[in-house]
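Here is a short report on side-chain packing. Look over the sequence and the fold before reading on.

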Amino acid sequence: MYIQYTRSGKLLRALCLLISAIILCALPLALADHPYDPVVSQQIAKGSLVMYESDSADSKKLMTLREGQIVGFENDMRTDAPWVKVHAWDEGAGKFRRGWVKNGNFETIDADGPHFRSTGEVISRTVTLRVGPSADSEKLETLNHGYTFTFVRTEGDWTYIHYPSNQTKLNQEGYVRSELIVENAEHLVCRTGDIPAYAYPSYESKMVSYLGSGTRLTIIDEVDDFWIVSLRTAAASIPKDADVYVEER
């Protein structure tokens with residue numbers, strides 16, 4: 001019995017060592033497509049820049065950063081460092097790239113600076129983030145109602161956004177349908193209870209709900225004497241003469 005137990009223990013130990021070795025070998029491959037290095041800061045490219053595989057212009061070219069593209073820095077931006085390690089979203093390849101770019105050609109995103117981007121908020125139940133401005137474009141991720149992001153620009157019926165990914169925990173970029181979001185959202189707050197919400201901006205339309213004190217709603221638009229708001233992922237109308245106020249930003 002002792003001999004059998006010893007042999008079993010050795011086999012179990014060997015199996016554990018083998019599994020550990022496989023995990024250690026696979027880990028670098030997994031990280032290659034998911035740059036989880038801590039992001040020291042977010043910067044914006046001041047011009048068109050080339051990303052290289054290593055800190056040398058003689059190494060392989062990975063992608064070109066466009067002017068205004070937001071990138072994540074994975075090491076500090078010392079003024080004496082000629083190269084910095086970054087990750088950025090490659091729109092053409094539909095994935096993140098990690099590599100090295102020359103230092104000194106980036107600008108910190110400052111809320112009071114010229115490159116500050118407005119914010120946006122999802123007002124539908126969900127919105128699909130895509131690689132390109134088309135419903136046929138590759139799906140990147142699904143954002144839920146109320147999710148906030150950085151509003152970059154509008155292209156036809158689509159909006160190009162920048163946001164922290166739920167999946168990779170990195171800043172990602174892509175396109176969403178403009179009608180499903182609102183830019184620089186303001187919020188309406190009910191001072192008291194029993195605030196009526198109508199289906200349309202008319203007192204003759206169907207009343208869909210009574211809102212309680214403290215209810216906070218995202219404003220979509222305003223029509224005549226009504227606020228158009230996002231109520232439980234649908235649009236509703238709140239009379240402006242109701243006991244409500246627009247929240248200060």
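Which ring does the charged end of Lys 240 sit over?

## Charges over rings

The ring is that of Trp 227, and the charged end of Lys 240 sits 5.0 Å from its centre. The model is a predicted one. Arg 177 lies over the face of Trp 158, at 5.4 Å from the ring centre.

## Aromatic pairs

Searching the whole structure gives five aromatic pairs. One of them joins Tyr 52 and Trp 83. Their ring centres are 5.7 Å apart and their planes stand at 80°, so this pair is edge-to-face. Tyr 52 belongs to strand β2 and Trp 83 to strand β5, so the pair ties together parts 31 residues apart in sequence. Tyr 52 is buried at 16% relative accessible area. Trp 83 is buried too, at 14%.

Tyr 198 and Phe 226 also pair edge-to-face, 6.1 Å centre to centre with 90° between the planes. Here strand β16 supplies Tyr 198 and strand β19 supplies Phe 226, 28 residues apart. Both residues are buried. Ring pairs link Tyr 198, Phe 226 and Tyr 203 into a cluster.

## Two buried strand residues

Thr 159 is in strand β12, residues 158–164. Its relative accessible area is 1%, so Thr 159 counts as buried, the cut-off being under 20%. The side chain of Thr 159 makes a polar contact of 2.7 Å with that of Ser 178. Beyond four places in sequence, Thr 159 touches residues including Phe 151, Arg 153, Tyr 175 and Ile 181.

Ser 209 is in strand β17, residues 207–211. Ser 209 is buried at 13% relative accessibility.

Note on methods
Residues are numbered from 1 along each chain as its sequence is written. This is a predicted model: local features need pLDDT of at least 70, side-chain atom pairs count only at pLDDT 80 or more; totals for chains, interfaces and linings use all residues. Side-chain values use heavy atoms; hydrogens and water are left out. Helices (H or I, at least four residues) and strands (E, at least two) are DSSP runs, numbered from the N terminus. Buried means under 20% relative accessible area, exposed over 50%, partly exposed in between (1.4 Å probe, protein chains only). A polar contact is a pair of N or O atoms within 3.5 Å; within protein, one must be able to donate a hydrogen and the other to accept it, and residues adjacent in sequence count only if both atoms are side-chain atoms. Contact means heavy atoms within 4.5 Å. Rings of Phe, Tyr and Trp (its six-membered ring) pair if their centres lie within 6.5 Å; planes under 30 degrees apart count as stacked, over 60 as edge-to-face and the rest as tilted. A charge sits over a ring if NZ of Lys or CZ of Arg is within 6 Å of the ring centre and within 35 degrees of the ring normal.
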